[in-house]
Amino acid sequence: MIDLVSKYRCFDGEQRVYRHQSTATGTPMEFAVYLPRKALEGHYCASVVYLSGLTCTWENVVTKAGAQAACAELGLIFVAPDTSPRGEDVADDEAYDLGQGAGFYINATQAPWSEHYKMETYVARELTRIMSDNFPVELSAIGIMGHSMGGHGAITLALKYPELFRSVSAFSPIVNPCDVPWGRKAFTAYLGSDEAVWRGHDSCALIKEKGFQGPMLVDQGGRDTFIEEQLQPWALEKACREAGIDLTLRLQAGYDHSYYFVSTFISEHLGWHSANLT
């Protein structure tokens, strides 16, 4: 059961937020969903799941990115979950890049994180089931996209669940977390010290091992202060080239890591998903 938290009319559709008790995380979880008019009228629609980055919730993309207008025009359902489980009994850390707000879209195996941090299962299994059970979602037309940590999540989940996610795009994704500080810190805490295990959650490693049949779109801000140390898009470009994957990597001159960057290009991404899904 999901409970409606809020509902607003928006571009002839509705922007909603729901809360439910998650079986994956064992905690209450919230997610936002934009339903275009077509969906409100009961017609089945393609949909896109959006995964946010470090420190974010569903609210960042809903209020800052301006996705609703494009989704209304394209007839896309847009779903945005939280970035981690939350609550007083949920493990946390004082740093912004670990704990609540920083789930990395993986299933943690190490205490104390393993009790609740099951974000891979939550997104790929529970959330998609909720989508199909409660909204007119066309199951053969679900795409996934994300920003930064969420870009990491979008690409890795698309690689792991190609039967579920038919298109994938990202803004400034963390593409090789095994080799950058954000990823190494999170993976050590959530997964332990065995770096061979980490490879199962690293986009570049997964591409080398699994390949990918569909196209991939990535936008990277040219003035992103995290590009050299944390993001390294050239690693993804190399992995895709060697695997023969159709990657469109666009370096957007003058743009940084913020939602000003995301909002500039999100309509293009949604149009790209719509074309690939329908």
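Tutor: Helices here are DSSP runs of H or I with at least four residues, and strands are DSSP runs of E with at least two, both numbered from the N terminus. The model is predicted. With those terms, Tyr105 sits in the loop between β5 and α4.

Student: What makes Tyr105 buried?

Tutor: Its relative accessible area is 1%. Buried means under 20%, so Tyr105 qualifies.

Student: Which residues does Tyr105 touch, beyond those up to four places away in sequence?

Tutor: Among them are Leu51, Ser52, Asp82 and Thr83. Met119, Glu120, Val123, Met149, Gly150, Gly153 and Leu157 are also touched. As for Tyr117, it is 12 residues from Tyr105 in sequence, and the two C-alpha atoms are 8.5 Å apart.

Student: What joins Ala111 and Pro112?

Tutor: A cis peptide bond, with omega about 0 degrees. Pro112 is placed in the loop between β5 (77-81) and α4.

Student: Now the whole protein. How many helices and strands are there?

Tutor: The protein has 11 helices and 9 strands.

Student: What share of the residues counts as buried?

Tutor: 59% of the 278 residues. The accessible surface comes to about 11300 Å², and carbon and sulfur atoms hold 47% of it.

Student: What share of the contacts in the protein with a separation of 6 or more comes from residues 24 or more positions apart?

Tutor: 71%.

Student: How far apart are the mean positions of the positive and negative charges?

Tutor: They are 4 Å apart, for 22 positive and 34 negative charges.

Student: What makes a set of residues a nonpolar core?

Tutor: The residues must be buried, must be of the listed nonpolar kinds, and must be joined through side-chain atoms within 4.5 Å. The largest such core here has 70 residues. Phe31, Phe104, Phe165, Tyr190, Met216 and Leu236 touch the most other members. Helix α4 (residues 119-134) gives the largest share, 7 residues. A second, separate core has 28 residues, including Tyr34, Ala67, Val262 and Leu270. In soluble globular proteins, nonpolar side chains tend to be buried together.

Student: Why does Leu251 count as exposed?

Tutor: Its relative accessibility is 59%. Exposed means over 50%, so Leu251 passes the cut-off. Leu251 belongs to strand β9 (residues 247-252). From Leu164, 87 residues away along the chain, Leu251 is separated by 28 Å between C-alpha atoms.

Student: How do you know that Ala32 counts as buried?

Tutor: Ala32 has 1% relative accessibility. That is under 20%, so the label holds. Ala32 is in strand β3 (residues 28-35). Beyond its neighbours within four places, its contacts include Trp58, Val62 and Phe78.

Student: And why does Ile245 count as buried?

Tutor: Ile245 shows 9% relative accessibility, under the 20% limit, so it is buried. Ile245 lies in the loop between α10 (233-243) and β9. Ile207, Gly211, Phe212, Gly214 and Cys240 touch Ile245, with residues up to four places away left out. Gly214 is 31 residues from Ile245 in sequence, yet their C-alpha atoms are 7.5 Å apart.

Student: What is the phi of Thr55?

Tutor: Positive, about 75 degrees, although Thr55 is not a glycine. Ser172 is not a glycine either, and its phi is positive at about 45 degrees.

Student: Are Thr55 and Ser172 buried or exposed?

Tutor: Thr55 has a relative accessible area of 53%, over 50%, so it is exposed. Ser172 has 0%, under 20%, so it is buried. Thr55 is in the loop between β4 (45-51) and α2 (58-64). Ser172 is in the loop between β7 (167-171) and α6 (181-191).

Conventions
Residues are numbered from 1 along each chain as its sequence is written. This is a predicted model: local features need pLDDT of at least 70, side-chain atom pairs count only at pLDDT 80 or more; totals for chains, interfaces and linings use all residues. Side-chain values use heavy atoms; hydrogens and water are left out. Buried means under 20% relative accessible area, exposed over 50%, partly exposed in between (1.4 Å probe, protein chains only). Contact means heavy atoms within 4.5 Å. Accessible areas come from the Shrake-Rupley method with a 1.4 Å probe; for residues, only the protein chains shown count as cover. Lys and Arg count as positive and Asp and Glu as negative; His and the chain ends are not counted. The place of a charge is taken as NZ of Lys, CZ of Arg, CG of Asp or CD of Glu.
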